[in-house]
Amino acid sequence: MKHPMLNYLKETGMYGDRFPTIFCPGCGIGQILNYTLNAVDRIVQKDGLSRDRFFFASGVGCSARLTSHYLGFDSIWSLHGRAPAVATGALLARPELKAIIFTGDGDVAAIGGNHFIHVCRRNLDMTLICMNNGLYGMTGGQSAPTTLRGIPSTTSPYGNVENAFDLCQMAITSGASYVARWTTAHPQQCIQAIEKGIRKKGLAFIEIMTQCPTHWKQEPAKMVKKFRSQGVRFSQEKEKETLKKDQFWVGEFLDKDQPEWLETYQKIIDRFK
Amino acid sequence: MKRYEIRVAGFGGQGVVTIGKIAGVAAAIYDKKNAVQTQSYGPESRGGACKAEVVLSDEKIHYPKVRSADVLVALSQTAQDVYLKDLKPGGILIIDPLTVVKEPPRADIRVVRVPTAEIALRVGNKKFQNMVVLGALCQLTGVISEDALEKAIEETVPSKTLPQNIEAFKKGIEYVRK
Amino acid sequence: MSENNHTAFEPLLTEEEAKKVVRGPLLPGDYYLFGSDACVEGAIFAGCRYYAGYPITPASEVMEKAAERLPQVGGRFIQMEDEIASACSLIGASWAGAKAMTATSGPGFSLMMEAVSYAVMSETPFVIVNVQRPGPGQGYITSSQEDVMQARWGHHGGGSLIALAPSSVQEMFDFTVQAFNFAEKWRVPVILLADETVAHMRERLTVRSREEVKVIDRVRPQDLGIPYEKYLPYEGTVPPMPAWGDGYRVNVVGLVHHPDGNITKYSPEMHFACVNRLQRKIEDHVEEIVEVEGIFLEGCRHLVVAYGTTARSASEAVVELRAKGKADVGFLRLKTLWPFPENRLRSILGQLENIFFPEMNLGFMIHPLKEALRDRVQHFISIPSLGQLHTPEQIIEKIEEVIGK
């Protein structure tokens, strides 16, 4: 029986065979692709939105490979960190498009940091799905702005001397409308969050902690299982609690309705009609 | 007309660039000549040096800047000091005696003193000084028609102050006609 | 400060002001405009409805005019966080179907090279205006022609693009329209190499009607009746370009690729064919793209070559020399810098004793010129100027030094 989400992918076709994908065995990206397609499918079914209204953009890295040629949608595998900027242009040129950006922690917070905080500040109507594996996967396991202090990597062989960003906090502070963090071990929550994010008129940032078994040198199943104990459900009451060193908050951190860039700018255009 | 070169220089804030712009619009759009207008600034926008140039011709204009000015308007002492040497022999030097106090050290030019700041103040505000300059330029050079300049002033200045701007312009013409 | 965020927004515009506005391209007629403004009007005339930019002297006026005009014509303007973002957003806007433009100067131009390179590989049309200023580094804020080589070679990797050099306010309009036409026709980024002088100069602009001035739009597969899944591989020179949202589910990628878009089956042959095709797309059609303009070429022994605003100092110098009796001095202007009009020059120029080449740089375009005409010309003399427009005197002096008074 054919997996229903395969309808949204280009298994074969104009460019030949794409499957199997390039992702490592046990990689979380495949799961995230599945969650995203499920979310899009729900919107296509429930809201009657044509799938050709969606476009996907990515930068560079393992996360970015999702748009390389697997998607049966308009898409762009663009430049490292620049997908939010590319998507900005597309939305302003054709506001009825729905933008979904696949990014990684290095892509969104290092080279793409500036573009990330500005699309949040502008509250542009796009959905950023950040696959956070805590390092640079594609290039061999270098430390990233999200690598925890003290952790070794190929560029921090003696341990990471730096601190890590909290990407969700950055999104919230910069002005996003919907911010959530889950892990690949939370399939239903991920799908719901992405669905909510796409529906949200404004910037939706969904961080999904992802296993990279290749560079962390752990078994994928063990890593995914560990996510369930590392991810502590967020609530206002619990916020004052201190988390253990390898734990992180998961849940919906922000869900606001606020003016979005395109609808604000439209007021100017409408005055000249 | 082969090529007629106008240079206006002074401090930032005296409306030097506006003089150039209005002269250019008048000549190019209303008198239907060719007119290239350029400008340059010193470091500060108020009080720093400021220069505007307009090159007019009935033929195509190649080099867009002043090579050897036919008329120099100096609204500051520095303007006269720096640009007097580029004025053609037989050229016209228009100075405001309020700010340009030193005698121009050349005998081969026609010097016309126009108290532009004072006349502008009498009209109501020192900022109309540049309109007085335009009037003087119009009357002394004869290269841009009064009608064209009036139209150009009308489309450039805010409608509220148009009457005073025109008044200052006409006073500039009158003053040098005497 | 953050209390102001997310509050309701009302445009700062009175009814009166809104009524006075031209809600489309300028109507045919004469206008007296800044070069920067003429450039934006040219873009709007050509159908540009997306502008992204970042402030930089001396290009900010282009952006400011775009901020004012784009919403008036139903387009959108955005000031991005840096030049990288501005240029990258042009890629997205173009793939969503819009004609897109940005303007910058040297330091910003360097930041845009990544996006230009991507656009060359992905055949994404857009226009970048470079109002050149001196470099290297922060350099200065006056006029320059120092980015003329960077325009062609600044993006990493191969492949060709097109660059034009306007020399008047009229050309800031006309060449911008032309830049968009080239971008749409050849699916390539086009650079408008302006400079501080022409951008900040005012002259008359004559806008003609849409019947007289052609505007070219990219060819889409649906224009050729080609459905989804059938538009690649494409046999012609320039593949049709669908827009996102049209249902073609196009995956845009910056890697070397097969003619059908496949990026997985790598081979040296595929690689060579891919990049070579991008170069040949332009280089094999140079005659359809380049334009030069010569005066007094008949019987000339000494030629003055120039481009951009410098051409005006040069033509003034030549006119004056001829008036003084030098009947063997001619003048040639390059309107297109890239692709370099090598064959065009060879077809209109014979043997020459001297070529004088004033440039607002230390002699850049003189190199492809030498390459094109070395067998026909005895001496090439560069006349450099940095930071300011050559005076006709400077050029005349140099020429008379060589050929006598």
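Visitor: Which residues of helix α6 (residues 167-174) of chain A are buried?

Guide: In this predicted model, local features need pLDDT of at least 70, side-chain atom pairs count only at pLDDT 80 or more, and totals for chains, interfaces and linings use all residues. Residues are numbered from 1 along each chain as its sequence is written, and chains are lettered from A and ligands numbered from 1 in the order in which they are written. A residue is buried if 20 or more other C-beta atoms, placed from the backbone, lie within 10 Å of its own, and helices (H or I, at least four residues) and strands (E, at least two) are DSSP runs numbered from the N terminus. In α6(A), the buried residues are A:Leu167, A:Cys168 and A:Ala171.

Visitor: Which strands and helices of chain A do the buried residues of α6(A) pack against?

Guide: Contact requires C-beta atoms, placed from the backbone, within 7 Å. The helices are α4 (105-111) and α5 (113-122). The strands are β4 (126-132), β7 (178-183), β8 (204-209) and β10 (248-255).

Visitor: Which strands stand at the edges of the open sheet?

Guide: Nine strands form this sheet with mixed pairing, in the order β9(A)-β10(A)-β7(A)-β8(A)-β4(A)-β3(A)-β1(A)-β2(A)-β9(C); strands pair if DSSP finds at least two bridges between them. Each edge strand has a single partner, so one side of each is left without a neighbour in the sheet. These are β9 (231-233) of chain A and β9 (251-253) of chain C.

Visitor: Which residue is the bridge partner of A:Phe54 in β3(A)?

Guide: Strands β1 (residues 54-58) and β3 (residues 98-104) of chain A run parallel and are joined by five bridges. The partner of A:Phe54 is A:Lys98.

Visitor: Which pair of chains has the most contacts among the two pairs that touch?

Guide: Chains A and B do not touch, their nearest C-alpha atoms being 22 Å apart. Between chains C and B, 15 residues of chain C are in contact with 13 residues of chain B. The most contacts are between chains A and C.

Visitor: Which element gives the most to the side of chain C that touches chain B?

Guide: On that side, β1 (29-34), β8 (202-207) and α12 (310-323) of chain C each supply at least two residues. With five residues, the element that gives the most is α12(C).

Definitions and conventions
Buried ≥ 20, exposed ≤ 12 C-beta atoms within 10 Å, placed from the backbone.
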